[in-house]
Amino acid sequence: MSREAYVAPTSAFNTGTTVDSTPGLTTQYICGDCNQKVLLKQGDPIRCKECGHRILYKERTKRMVQFEAR
């Protein structure tokens, strides 16, 4: 498929919370140092509010994800 024929997917299938679609939503992360749950909005500094560590991991989705293997 050529680059010109590519159509970007719509957000109709996006059911998770993302900071890209709506600026008011928060996304939950886990601090890599103290394991505290951190809620961040778009534009917030990427830093743990408890210990100041800057490595945050996105929490795994609760939605079932299934891939088709060939």
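A residue is called buried when its relative accessible area is under 20%, exposed when it is over 50%, and partly exposed in between, with a 1.4 Å probe and protein chains only. By that rule, buried residues make up 11% of the 70 residues in the protein chain.

The model is predicted: local features need pLDDT of at least 70, side-chain atom pairs count only at pLDDT 80 or more, and totals for chains, interfaces and linings use all residues. Numbering starts from 1 along each chain as its sequence is written, and side-chain values rest on heavy atoms, with hydrogens and water left out.

The protein chain contains 0 helices and 3 strands (DSSP runs numbered from the N terminus: H or I of at least four residues for helices, E of at least two for strands).

The largest nonpolar core consists of 6 residues, Y29, C31, V38, L40, C48 and L56. Such a core is a set of buried Ala, Val, Leu, Ile, Met, Phe, Trp, Tyr and Cys residues joined through side-chain atoms within 4.5 Å. Of the strands, β1 (26-31) and β2 (37-41) each supply at least two residues of this core. Beyond its neighbours within four places in sequence, Y29 is in contact (heavy atoms within 4.5 Å) with residues including V38, L40 and L56.

The structure holds 0 disulfides, a disulfide being a pair of cysteine sulfur atoms within 2.5 Å. Two cysteines are set out below.
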